[in-house]
Amino acid sequence: MQLELGIDTFGDVTRGEDGLLRSHAEVIRDTLAEGELADQVGLDYIGLGEHHRPDFAISSTEPILSAILARTEKIKAGTSVTVLSSDDPIRVFQRFATLNALAPGRAEITIGRGSFTESFPLFGLDLNDYEALFTEKSQILHLLATQEKVSFDAQMRPPLKNVTVYPRSETPLQIWRGVGGSPQSVVETAAMQMDLMLAIIGGDSTRFKPHVDLYHRAHDQMGTKPGKIGVHSPGHIAETDEIAQEEFYEGYARMHDMIGRSRGWPPFRREAYLSEIEHGSLYVGSPETVARKIARTVTALGLSRFTLKYSGGPQNPAHLRKTIELYGTKVRPLLAEMLA
């Protein structure tokens, strides 16, 4: 099967069997174990998202990625996403060139603006520079990944003059760009010859078909070869649709309402939850149900990778491990048959 199947997590703080929230340290150790399990059941990728909030445990992805890569044999590991606006592209390149030396060809980067802005005041950055910082830093990272000697007349930092950054990567770093729906971002992704990761967290996934077409059209006009296209969407898998829906709902609703309070969202209702499962981009259900839904998205958008965000609010860690197990042992072979 050409399709790569992955998982990703932001290190959402989970809730144990005793009903208490687990500590950030416990969630980080659980994430490492989940990465090992994903490798054991034959998944292709695990991504870790960076956040700087109390409801997520992962703020520094690379130490955990390093541990996962050291304890696994085949799985690729990367970010979902690196918030490049508040990071340094030279340090990002150095960290991932180092990871790629330890696990050749298995360390990946996904850059993006991120869905939260807490990192800006935390690192002393001005939110008025939100767009300019990301644009300039992504250009610098692209140059570092494709050229040995880099010159760049920067506006947000001192210029680079014929700089070589070490260590050099033995193999080209695979860099994805996470896109949430901006056509301009799709064109920029093509221009920088990055792979395209579509973050589809609501609504019918096929509405992103124009973005896929735009990505291919941009490459055609530039005379370049399109990269990989992937989708990141939330989901949960259990033995039956009913069990999966019931297990995932409470934690997912808590997460939705907590984020929604600062964004003016209405309270989350079960009717909206079930509608999103049936018609939108929540991949919740039995292995058969989830496989059929993934197959539809893969076929409609011509994907190279599908990544399931298996964590979603204060879930039970045992349920997350079961999702990973079923995803690799049941969904994967079903998908292979459906897409053959």
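Trainee: Which residues does UniProt list for "domain: Luciferase-like"?

Mentor: An unreviewed UniProt entry puts that label on residues 23-302. Keep in mind that we're looking at a predicted model.

Trainee: Okay, on to helices. How many residues does H3 have, and what span is expected for it?

Mentor: The expected span is 1.5 Å times one less than the number of residues. Helix H3 runs over residues 89-102, so 14 residues, and its first and last C-alpha atoms are 20 Å apart, close to the expected 20 Å.

Trainee: What sits at the start of H3?

Mentor: Look at Asp88: one of its side-chain oxygens comes to within 2.8 Å of the backbone nitrogen of Ile90.

Trainee: And which residues of H3 are buried?

Mentor: Buried means under 20% relative accessible area. In H3 the buried set includes Pro89, Ile90, Phe93, Phe96 and Leu99, along with the polar Gln94 and Asn100. Among the elements covering them are helices H2 and H5 and strands S3, S4, S5 and S7.

Trainee: Now H9, residues 270-279. Which of its residues are buried, and which are exposed on the other side?

Mentor: Tyr273, Glu276 and Ile277 are buried. They're on the same side of H9 because they cover an arc of only 100° around the axis. Over on the other side, Glu271, Glu278 and His279 are exposed.

Trainee: What do the buried residues of H9 pack against?

Mentor: Three elements: helix H8 (241-260), strand S11 (283-285) and helix H10 (287-301).

Key: Residues numbered from 1 in each chain as written. Predicted model: local features only at pLDDT ≥ 70, side-chain atom pairs only at ≥ 80, totals over all residues. Heavy atoms only, no water. Buried < 20%, exposed > 50% of the residue type's maximum accessible area, 1.4 Å probe, protein only. Helix = DSSP H or I, 4+ residues; strand = E, 2+ residues; numbered from the N terminus. Arc of directions from axis to C-beta. Contact = heavy atoms within 4.5 Å. UniProt positions renumbered as here; feature names shortened; annotations may be inferred. Polar contact = N/O pair within 3.5 Å; in protein donor to acceptor, adjacent residues only side chain to side chain.
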